[in-house]
Structures are given as C-alpha cells and as structure tokens.
Amino acid sequence: MPAGDYVYTVHAGAFPDGSVTSASFPITKAAGALAVRADDGAWEATGWDDAAPAASASEAASEAPAALALSAPAPHPFRGAARIALSVPAAQTVRVGVYDALGREVAVLHDGPLAAGTHVLALDGRGLAAGVYVVRAEGTGGVALRRVVRY
C-alpha cells in the first residue's frame with residue numbers, strides 16, 4: 001500500500017443471514033513501516049509492510065552509529081520475509097551473510113561498500129527451511145551477529 005493515512009474496518013459475524021459487527025481503527029503507513037494507534041492514543045503497534053522494498057542507501061539515516069550492529073529482525077520470527085537494520089559506523093565494505101545451524105552460508109544479504117548510517121536489508125526466507133539462522137555482518141568496523149528464526 002502506498003504511504004498515507006487509512007482506516008481499517010473489520011466486519012465479523014455470520015454471513016449472509018446473521019448479524020454483523022464492525023470496528024474501525026486508523027493506520028498510518030510510511031515508507032516500509034506500519035503504525036496503528038487507537039483513537040484514544042492508548043496503544044500503538046509498528047511493523048513492516050512485507051511488500052515494501054528495503055530502504056536504499058539514499059534512505060539511510062544520516063547520523064552515524066557508534067559501532068557495526070544488527071537490529072532484531074521484523075517480523076520475528078518470520079516466515080516469508082524479514083527486515084534487518086544494519087548500523088555502519090563509517091563508510092566501509094560490509095558483507096552480510098546468513099548461516100544455518102551447521103555454519104553453512106545459505107544467503108548473502110549484502111556484499112560491498114556502504115555509507116555510514118543505518119541501512120535496512122531484506123531477508124527473503126522463501127527458500128529457507130524452518131529453523132534458527134545466524135545473520136553475520138563483517139566490515140572493517142568489526143563483526144555483528146544476530147540470531148533469527150524462520151517458522
């Protein structure tokens with residue numbers, strides 16, 4: 001769905017002859033992220049739109065992080081696809097691989113230069129079996145590891 005404000009309406013009941021109950025709530029969609037807030041502002045949930053592409057280098061945050069780091073994937077655990085944010089402290093060449101429980105590399109998320117800042121990488125899990133994997137980012141700024149679960 002394109003970025004913007006939407007209203008999500010849920011209809012529940014017995015169709016076609018029974019009674020139907022409806023409830024609505026607003027959704028704000030911004031480039032890849034999804035935020036939901038109740039009318040009274042009492043709760044908020046954020047997630048990822050699986051159809052949205054990963055952010056490009058030009059969309060990376062302008063503020064440099066302190067060290068090479070990987071965020072928790074979203075969603076987690078994941079089934080089809082997940083997004084993982086990679087923080088890069090200074091411009092450098094970075095390789096991000098995905099490894100199975102036996103230490104075999106099963107996917108490469110990025111292999112090349114990256115500018116300082118935060119970059120969002122897409123992990124396509126459609127070709128992976130259910131299980132635990134390790135995402136490993138290595139650059140001149142060090143090594144970062146993150147465990148991910150595909151169900």
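1. Start with how the chain folds back on itself. Taking contacts in the protein chain between residues at least 6 apart in sequence, 50% join residues at least 24 apart. Keep in mind as you read on that this is a predicted model.

2. On secondary structure, the count is quick: the protein chain has 11 strands and zero helices. Read along the sequence, that gives the pattern β-β-β-β-β-β-β-β-β-β-β.

3. One sheet to look at is an open one of three strands, in the order β5-β6-β9, with antiparallel pairing. Its edge strands are β5 (69-70) and β9 (117-124), each of which pairs on one side only.

4. Now zoom in on the pairing of β6 with β9. Strand β6 covers residues 81-88, and eight bridges link it to β9 in the antiparallel sense.

5. The largest nonpolar core has 20 residues, and L86, V96, L123, V135 and A137 are the ones with the most contacts inside it. At least two residues of this core come from each of β6, β7 (92-99), β8 (105-114), β9, β10 (131-139) and β11 (142-150). The largest share, four residues, is supplied by β6. In general terms, nonpolar side chains in soluble globular proteins tend to be buried together.

6. Which residues is A137 in contact with, leaving aside its neighbours within four places in sequence? They are L68, L70, L86, V94, R95, V96, G142, V143 and A144. Two of those names, L86 and V96, are also on the list of residues with the most contacts inside the core.

7. V134, V143 and L145 form a nonpolar patch on the surface, and together they have about 250 Å² of accessible area. V143 is also one of the contacts of A137.

8. Is L145 buried or exposed? L145 sits in strand β11. It counts as exposed because its relative accessibility is 55%, and the cut-off for exposed is over 50%.

9. Finally, the overall numbers. Of the 151 residues in the protein chain, 30% count as buried. The chain exposes about 8800 Å², with carbon and sulfur atoms supplying 57% of that area.

How values were computed:
Residues numbered from 1 in each chain as written. Predicted model: local features only at pLDDT ≥ 70, side-chain atom pairs only at ≥ 80, totals over all residues. Heavy atoms only, no water. Pairing = 2+ DSSP bridges. Core = buried A, V, L, I, M, F, W, Y, C linked by side-chain atoms within 4.5 Å. Buried < 20%, exposed > 50% of the residue type's maximum accessible area, 1.4 Å probe, protein only. Contact = heavy atoms within 4.5 Å. Patch = residues over 30% accessible without salt bridge, like charges linked within 9 Å, V, L, I, M, F, W, Y side chains within 5 Å. Areas by Shrake-Rupley, 256 points an atom, 1.4 Å probe, with all protein chains shown as cover. Salt bridge = Lys/Arg side-chain N within 4 Å of Asp/Glu carboxyl O.
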